[in-house]
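Hi everyone, thanks for coming. I'd like to walk you through one structure today, so please have a look at the screen.

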Amino acid sequence: MSTSTTPPSPTPRPAVADEAAHGRAIAAAPRGEPQSPLESSSRRTRWLVTLLIVLAMLWTLVPLAWMLLSSFKNRVDVTASTPQVFFTPTLDNYRNLFRGPNNLAPYILHSVLAAGISALLAVFLGALAGYGLARTQMRGKRHLAFWIISTRMAPIAAIVVPLFLIFRGLGLIDSIPGLVLAYLTFNLPFAIWLMSAFFAEVPSSLEESALVSGCSRWQAFYLVILPLTKSGLVTTFILCLVFAWNDYAFAVVFSGPNSQTLPIAASQLVTQTGIDWGQLTAIGTIVVVPMMLAGLAVRRWLVTGLTLGAVTGE
Amino acid sequence: MAHAAQSSPVARGSAEQRITARKEPRIGFEGKMMSPGLVLLAALSIVPFLALIAMSFSRVRLLGGVRLDVAGLTNWARFFTDADMWMSWLRTVVYFVLTVGLEMVLGVGIALCLFRVLRGRNILLSLLLLPMFAAPSIVGLLGRYLTDSTFGLYAWVLRSLGYTGDILGSPVSAFAAVVLMDVWEWTPLIALITLAGLSSVPQSVREAAAVDGAGGWMTLRYILFPAISNVLLVALLIRSMDAIRYFDIIWVTTNGGPADATKIVPVRLYETAFRFFDLGYAAAIGLAMLVFSILIARTFVRLLDVRGLTR
C-alpha cells in the first residue's frame with residue numbers, strides 16, 4: 001500500500017499501479033462491497049447475524065448483570081415480585097457479609113490459600129515435568145502422556161470417594177493442605193500437559209545452542225527456555241487458579257469449619273428457613289468477578305490453555 | 001570410551017560416543033525433571049485408584065477408624081440390579097447429549113456470527129466468555145434466584161408469557177433448567193475454540209472460494225467445516241470430559257430432585273457416599289464412571305496423535 005504513494009519509476013510502473021489498484025479495492029471493501037466471501041451476504045443475513053449476536057449477548061450477560069444489580073438491593077427490592085431495575089443502591093449486603101459471627105473473611109482466606117497454593121505448586125511441578133515430557137525421547141512416552149491426561153479427565157466423584165477415605169486416615173479432612181492436595185489431583189496433570197504443549201512450541205535448537213555455549217541442561221532450561229514460555233506459565237497458573245477457586249465438589253466433602261471456601265459459604269446461605277438473596281448475590285459477585293478478570297487477562301492464550309494445547313490461538 | 005574419543009576426535013568412535021553422551025544424560029535430565037511431578041501425581045491417582053477398587057469389593061466402616069471388610073461382589077451385584085441406578089445412567093446420557101449437543105450447536109453458531117463481525121469482535125468475545133469463569137455452584141445458585149417462582153427474573157418473564165409453573169419444582173422444567181444453566185456456562189468455550197479454528201483458515205482459501213463462485217452456505221459446507229473439523233472434535237472432547245466431571249449446578253439447585261428427575265450418576269454417587277455413607281457401593285459407581293471417562297480420554301489422545309500433537 002505504501003508503494004502507491006511514492007512516485008514510481010517508469011519501468012516497474014504497471015506492476016505498482018496494479019498493486020495500488022488492488023490495494024484500493026481492498027480498502028474500499030468495507031463500504032458496501034464484499035470484503036471476504038463470508039461478507040458477500042445480503043442485507044437480510046447481516047441483520048440476522050446482528051440479531052443473533054444481540055440475543056447471545058443478552059442471554060449471556062443478563063444473569064450476570066442481574067446478580068451484580070441485586071447485590072446492591074435492599075431486602076425488599078431483592079425479592080420484589082416485579083423485578084426492580086431502578087432502585088436506591090445500598091452496600092448493606094456487602095457490609096453484612098463482613099459483620100457478625102458468620103464473617104466472610106476467613107472463607108476468602110481459605111479460598112485464596114487453597115486455590116493459590118495448589119495453582120503455584122501445579123505450575124512449578126508442571127513446568128519441570130512438562131519440560132521433561134516435551135523433550136524426552138523415552139519409549140512409552142505416549143502411554144505416559146495418556147496416563148497424565150486421563151487423571152485430569154477422571155470424574156471428580158470417582159476421585160473424591162477414595163480420597164475421602166485416605167484423607168480421613170491421614171487426618172487431612174478439614175485442612176488447607178488437604179484441599180491443596182485435592183486440587184492438585186486435577187491441576188497437576190493439567191499443568192504438566194499444558195506446559196509440555198507450551199515447551200513443545202519452543203524449538204529444541206535453542207537449548208542445543210545454549211549447551212554449545214557452555215550452559216548446563218538446567219541452565220539452558222532455566223535461563224533460555226523458561227523465559228520464553230512466560231505467557232505459558234502465567235496462563236497455566238491462572239487457569240489452575242480458576243479451576244481450584246471455583247471448586248465445589250471437593251470442598252463440600254473435604255472442608256470443615258477451618259477450611260471452608262467461598263463457594264461453600266455461598267451454598268450455606270441456602271437454608272430451610274429461607275435465603276438472603278441480597279447476601280447471596282453479593283458473595284456470588286465476590287467469587288465470580290476476580291476470576292473473570294484473571295481469565296480475561298490471559299485471553300490470548302485461553303484457547304491453547306483450555307484445549308490443553310490441542311488448538312492454538314487466534 | 002573417553003580415551004578413544006580424545007585420541008581420534010574424528011574417528012568412528014566419536015559417532016558412537018556422541019550418541020551415548022547425548023542419549024544417556026538426556027534421558028537422565030528429563031527423567032529428573034519429570035520425577036517430582038510424576039511421583040506426586042502417581043501418589044494422587046494410583047493410590048486412590050487402588051483404594052477405589054478395594055473399596056468397591058468391601059463394606060467400608062468409618063466409625064472407630066477406617067476399616068474395609070471384604071464383601072465380595074455385593075456392591076457390584078447391587079450395581080447391576082439397581083433399577084434406580086439404570087435410570088440414573090439413562091438420565092446421565094440424556095443430560096450429557098442435551099448439554100453437549102446444545103453447547104456444540106449454539107457455540108458453533110455464535111462463532112460463525114462473531115466471525116462475520118469485523119469491528120469490536122474482541123470485546124464481544126470477551127463479554128461472551130464471562131460465564132465460563134463463574135464457579136458452577138454460583139451459577140446454580142444464581143439460576144435458583146432467577147427461576148424462583150415469586151421473585152425470579154426469568155420466572156417473571158415466563159409468567160408474562162403465560163407460564164406459571166414452579167420451574168425447579170416440576171420434573172421436566174427442572175431438568176430443562178439445569179441443562180440450560182450448564183449450556184449458559186459452557187457454550188462460550190465451544191464458541192471460543194471454534195472461532196480460533198475459523199480464524200486459522202487462510203483468507204486466501206476463502207477468497208479463492210468466492211472467486212470460484214461459492215456462496216456463503218457453500219463456503220461454509222465445503223471450505224470452513226472441513227477445515228475446522230479437527231478443532232470441532234477437540235472442542236467436543238474437551239467439553240465431553242468436563243460435562244461428566246461437574247455436577248455442582250445440579251447439586252446446589254435441585255439436588256437430584258424433584259422426584260429424581262435430575263439425579264444423574266455423579267449426584268447419586270455423592271448421595272450414596274456422603275449422605276448414606278455407603279462408600280463401598282459409591283466406589284463401584286465411581287469405578288464405572290471412571291471407565292466411561294477413560295474411553296473419552298483415549299479418543300482424545302488418539303485424535304491428538306493423528307494430528308501429531310503428542311509427539
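How many cavities of 30 Å³ or more does a search of the whole structure find? The search finds seven. A cavity here is a set of points on a 1 Å grid over the protein atoms alone where a 1.4 Å probe fits but cannot get out, and lining residues have an atom within 4 Å of a point. Grid points are joined across faces, edges and corners, and a volume is the space filled by probe spheres set on the points.

Before I go on, some housekeeping. This is a predicted model, where local features need pLDDT of at least 70 and side-chain atom pairs count only at pLDDT 80 or more, while totals for chains, interfaces and linings use all residues. Residues are numbered from 1 along each chain as its sequence is written, chains are lettered from A and ligands numbered from 1 in the order in which they are written, and side-chain values use heavy atoms, with hydrogens and water left out.

Two or more lining residues come from each of α8 (176–201), α11 (230–245) and α15 (299–306) in chain A, and from each of α8 (171–199) and α10 in chain B. These helices are DSSP runs of H or I with at least four residues, strands are runs of E with at least two, and both are numbered from the N terminus.

Let's stay with α15(A). Six of its eight residues are buried, so the helix is largely enclosed by the rest of the structure. Buried means under 20% relative accessible area, exposed means over 50%, and partly exposed is in between, using a 1.4 Å probe and protein chains only. Leu302(A), Val303(A) and Leu306(A) are among the buried ones. The cover over them includes α8, α11 and α14 of chain A, along with α5 (121–129), α8 and α10 of chain B. Just after α15(A), Leu308(A) has a positive phi of about 55°.

Now for charges. Over all chains there are 13 salt bridges, each being a side-chain nitrogen of Lys or Arg within 4 Å of a carboxyl oxygen of Asp or Glu.

Next, Asp278(B) pairs with Arg78(B), with the closest N and O atoms 2.7 Å apart. This one links distant parts of the chain: Asp278(B) is in the loop between α12 (265–274) and α13 (279–306), Arg78(B) is in α3 (residues 74–81), and they are 200 residues apart. Asp278(B) is partly exposed at 24% relative accessible area, and Arg78(B) is partly exposed too, at 37%.

What about disulfides, and how many are there over all chains? The search finds zero, counting pairs of cysteine sulfur atoms within 2.5 Å. Among the cysteines, Cys240(A) is buried at 0% relative accessible area, and Cys113(B) is buried at 10%.

Finally, chain B as a whole: 13 helices and two strands, with buried residues making up 53% of its 311 residues.

Notes
1 Å grid on protein atoms, 1.4 Å probe; cavity = no way out; pocket = protein on both sides within 12 Å on 5 of 7 lines; lining within 4 Å. Contact = heavy atoms within 4.5 Å.
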